[in-house]
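Hello,

Here is the structure we talked about handing over. My notes on it follow below.

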Number of protein chains: 2
Amino acid sequence: MMRIAYFGPQGTFTEQAARALAPGADLTPYETIRLALAAVREGGADAACIPIENSVEGVVPATLDGLSDGPALVAVAEAVLPIRFSVLTRPGQAEIRTVASHPHALAQVREWLEANLPDATAVASSSTAAAAVGVVEGTFDAAVSAPVAIEHYPLEELVTGIADVDDAQTRFLLVRRPGELPAPTGADRTSIVAAAENRTGTLAQLLAELASRAINLTRLDARPVRDSFGEYRFFIDFEGHVAEPRIVDALSALRRRCQLRFLGSHPRADGVPATVEPGAGNQDFLDAQAWVDAVVKGEHA
Amino acid sequence: MMRIAYFGPQGTFTEQAARALAPGADLTPYETIRLALAAVREGGADAACIPIENSVEGVVPATLDGLSDGPALVAVAEAVLPIRFSVLTRPGQAEIRTVASHPHALAQVREWLEANLPDATAVASSSTAAAAVGVVEGTFDAAVSAPVAIEHYPLEELVTGIADVDDAQTRFLLVRRPGELPAPTGADRTSIVAAAENRTGTLAQLLAELASRAINLTRLDARPVRDSFGEYRFFIDFEGHVAEPRIVDALSALRRRCQLRFLGSHPRADGVPATVEPGAGNQDFLDAQAWVDAVVKGEHA
């Protein structure tokens with residue numbers, strides 16, 4: 001059975017994503033993203049499920065740092081989950097004076113709390129699941145948690161779908177040690193991290209290599225390198241799969257300009273096919289290479 | 001007296017930054033970054049002091065969103081503070097079983113806690129100052145807080161400088177309603193937010209406009225637009241001041257390509273002078289414009 005490490009505790013959105021990405025797998029929660037990744041690197045798990053970005057909060061810095069530091073890992077699958085929050089209470093709870101959750105979750109349900117529980121005190125906890133545990137133990141009257149939490153704790157769902165922005169979503173990755181890659185599907189995402197010298201125009205040059213091949217970016221993040229304020233690593237996601245000639249050509253061009261780490265090619269959860277412009281398809285790259293090869297051999301000019 | 005709204009509560013690093021940016025001003029803490037910005041927009045304060053980026057955690061999403069939504073505000077000054085954490089306890093506290101702090105602060109002192117207080121439980125609080133209040137009230141035995149917190153609470157500093165990465169820094173902005181800009185100094189930073197169509201190569205084109213004028217980027221962040229997963233706004237910081245001809249030329253070029261909001265030009269806290277390459281200085285832009293103007297007038301060819 002496949003062993004999956006995930007960013008815990010139990011009863012969070014990441015557990016929900018791990019169940020979706022690896023049905024029937026043996027799931028083990030880890031206290032931090034870094035520990036979940038370490039479990040895969042050290043062989044204690046076959047893969048790790050971690051959050052990468054949220055439509056409201058943006059990227060998850062611990063994931064970007066965890067993937068770029070230490071032995072290489074590659075993303076082989078992704079899941080996008082709608083972030084639906086539920087209010088959980090002890091069965092029969094009459095009055096709600098305290099509502100606990102992770103600060104990010106509290107931020108996403110603030111308007112609902114003000115309208116529906118104006119007299120309750122919002123208390124920050126270390127995770128949405130820790131808030132549920134606090135309710136079980138009687139420390140708080142209610143928790144704002146992932147719906148999956150009621151499968152682990154003897155609590156009642158008072159109401160669900162209370163996020164102020166209805167369609168908030170989080171994207172999760174399943175990462176493994178380098179090995180065989182998932183097959184290309186035509187609707188894939190490739191991720192890299194580029195570490196370039198801090199020189200005027202460096203990032204513009206890197207992006208021009210992608211743009212000149214009509215490769216569409218899907219995400220770009222600049223993360224400061226720890227210990228060095230103002231030095232950056234660029235996390236770049238784009239459409240396509242490293243098994244495609246057009247992507248091979250782009251990665252080679254980028255590799256000539258900077259330090260690269262490959263973070264994986266895998267199908268997009270939304271199934272959106274890659275944009276391919278006239279003259280920039282895989283066959284165009286193959287044909288052009290064949291033409292040049294023939295010129296080199298003196299077969300034509 | 002100048003009235004400064006800052007992201008509170010009292011006793012945090014942001015208060016420390018506000019004191020540095022506006023000595024002697026009347027300081028008022030606000031519960032969220034958004035409320036501090038609203039106070040300036042509505043005229044209840046003359047300026048707001050808010051964090052913009054941290055060398056370990058990256059950008060502060062609430063600040064980016066707060067500056068790009070709602071009426072325009074511009075940054076007129078910045079401060080970079082070393083983030084030094086102190087452990088605060090009640091005077092004479094013998095044993096430490098619980099240590100509270102904001103989750104981000106706990107993440108930055110984890111190694112110190114494991115080595116020095118291995119038996120203490122780390123508890124997440126809503127801010128480093130809220131943790132100090134919890135210690136005063138007896139809820140926790142110790143707080144990991146900003147050094148400035150002991151000026152507000154009857155606590156003792158057990159130890160300071162416990163961050164795992166010694167030189168972590170946070171940059172803070174002082175923002176005002178649009179008006180007279182600070183004078184250019186030769187070591188300035190200009191900030192904009194660009195909202196562009198999601199089309200292959202758009203960001204590469206925007207950055208090429210800066211690169212072709214040899215303008216050095218200092219930060220780039222892509223933030224999803226709330227409600228729309230995959231649609232982005234680009235927050236771009238670069239060297240130079242909008243009063244310089246080379247920057248005027250670049251901003252005009254960007255404005256032709258996308259929606260822009262100007263977020264301010266102000267002196268850099270580190271005093272690093274702008275990189276100016278041969279042929280890309282302000283006089284070069286003025287000379288070139290004069291040459292073209294003369295050609296248009298038929299004065300030479």
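Domain 1 of chain A and domain 2 of chain A share one salt bridge (a side-chain nitrogen of Lys or Arg within 4 Å of a carboxyl oxygen of Asp or Glu). It pairs Glu151(A) with Arg19(A), and their closest N and O atoms are 3.0 Å apart.

This is a predicted model: local features need pLDDT of at least 70, side-chain atom pairs count only at pLDDT 80 or more, and totals for chains, interfaces and linings use all residues. Residues are numbered from 1 along each chain as its sequence is written, chains are lettered from A and ligands numbered from 1 in the order in which they are written, and side-chain values use heavy atoms, with hydrogens and water left out.

The domains first. Chain A splits into domain 1 (1-82 + 169-178), domain 2 (86-160) and domain 3 (181-301); the bounds come from an automatic or database domain assignment. The centres of domains 1 and 2 of chain A, taken over C-alpha atoms, lie 25 Å apart. Contact (heavy atoms within 4.5 Å) joins 11 residues of domain 1 of chain A to 13 residues of domain 2 of chain A.

Now the chains. Chain B and chain A each put 45 residues into their contact. They bury about 3,300 Å² between them (accessible area, 1.4 Å probe, lost on being put together, summed over both). Carbon and sulfur atoms give 56% of that area. Salt bridges between chain B and chain A number zero.

Best wishes

Notes. Buried area is the accessible area (1.4 Å probe) that two parts lose on being put together, summed over both.
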